[in-house]
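Here's a quick briefing to read with the model open beside you.

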Amino acid sequence: MTERDIILNELAQGLRPMSQGTEWFDTHGPKQQAERLLFLRHHCVQARAVTEDGPESIRRAGLRPTHTPAVLITRGPIDQQLGKIAGLAPVDERRKAFRLLVAVLAVADERRRKRLCCGGCGHWWHNLPIADR
């Protein structure tokens with residue numbers, strides 16, 4: 001468990017406001033941002049994100065359906081699209097990608113919690129306290 005993983009899970013669970021998440025994301029250079037997007041993609045896959053998570057994730061991320069990450073998430077197999085989203089290079093697109101991938105993680109993890117962890121579980125990320133603000 002790293003600080004990065006804790007922050008990403010706090011954001012997905014609403015334990016940390018997205019404004020703090022985008023500030024944290026923006027403090028990193030392009031290479032580190034790309035790494036964080038790839039880690040987010042990995043978390044989304046591990047949470048078993050599905051194509052049907054796209055519309056709700058777009059809504060939660062506050063993106064317009066015409067924004068590049070929003071268009072990508074609705075076109076094709078989710079695993080491939082998550083990789084394309086994580087690989088977006090322009091600064092504005094990376095910020096949108098970050099918000100969308102956090103939302104995808106939130107939607108997928110909520111579903112997983114309801115199905116697999118409703119009776120309690122040992123996942124460290126399901127037992128996080130509210131972040132200090």
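This is a predicted model: local features need pLDDT of at least 70, side-chain atom pairs count only at pLDDT 80 or more; totals for chains, interfaces and linings use all residues.

Residues are numbered from 1 along each chain as its sequence is written, and side-chain values use heavy atoms, with hydrogens and water left out.

**The overall picture**

- The chain has seven helices and zero strands, where helices (H or I, at least four residues) and strands (E, at least two) are DSSP runs numbered from the N terminus.
- Read from the N terminus on, the elements go α-α-α-α-α-α-α.
- The chain has 133 residues, and 45% of them count as buried; buried means under 20% relative accessible area, exposed means over 50%, and partly exposed is in between (1.4 Å probe, protein chains only).
- Take the contacts (heavy atoms within 4.5 Å) between residues at least 6 apart in sequence: 71% of them join residues at least 24 apart.
- The accessible surface of the chain is about 7,100 Å², and 53% of that belongs to carbon and sulfur atoms; these areas come from the Shrake-Rupley method with a 1.4 Å probe, and for residues only the protein chains shown count as cover.

**Helix 1**

- Helix 1 covers residues 3-12 and is mostly covered itself, with eight of its 10 residues buried.
- Among those buried residues are Arg4, Asp5 and Glu10, along with Ile7, Leu8 and Leu11.
- Gly14 follows helix 1 and has a positive phi, near 75 degrees.

**The nonpolar core**

- A nonpolar core is a set of buried Ala, Val, Leu, Ile, Met, Phe, Trp, Tyr and Cys residues joined through side-chain atoms within 4.5 Å.
- The largest one here has 32 residues, and Ile73, Phe98, Leu100 and Leu101 touch the most other members.
- Helix 1, helix 2 (18-26), helix 3 (30-46), helix 4 (54-61), helix 5 (68-73), helix 6 (78-86) and helix 7 (91-116) each give two or more residues to this core.
- Helix 7 gives the most, with 10 residues.
- Leaving out residues up to four places away in sequence, Phe98 touches Leu8, Leu11, Met18, Gly21, Thr22, Trp24, Phe25, Leu37 and Leu40.

**Helix 3 meets helix 6**

- These two helices, helix 3 and helix 6, pack at an angle of about 160 degrees, with their axes 9 Å apart.
- Axes are lines fitted to C-alpha atoms, for helices over the stretch in contact, and angles run from 0 to 180 degrees between N-to-C directions.
- Helix 3 and helix 6 are therefore roughly antiparallel to each other.
- On the helix 3 side, Leu37, Leu38, Arg41, Cys44 and Val45 meet Asp79, Leu82, Gly83 and Ala86 in helix 6.

**Residues in the loops**

- Arg48 sits in the loop between helix 3 and helix 4, and its phi is positive, about 65 degrees, although it is not a glycine.
- Arg48 counts as exposed because its relative accessibility is 54%.
- Asp53 is also found in the loop between helix 3 and helix 4, but Asp53 is buried, with a relative accessible area of 4%.
- Beyond residues up to four places away in sequence, Asp53 touches Val107, Ala108 and Arg111.
- His28 is in the loop between helix 2 and helix 3, and counts as buried because its relative accessible area is 19%.

Definitions and conventions
Angles under 35 degrees count as roughly parallel, over 145 as roughly antiparallel, 65 to 115 as roughly perpendicular and the rest as oblique.
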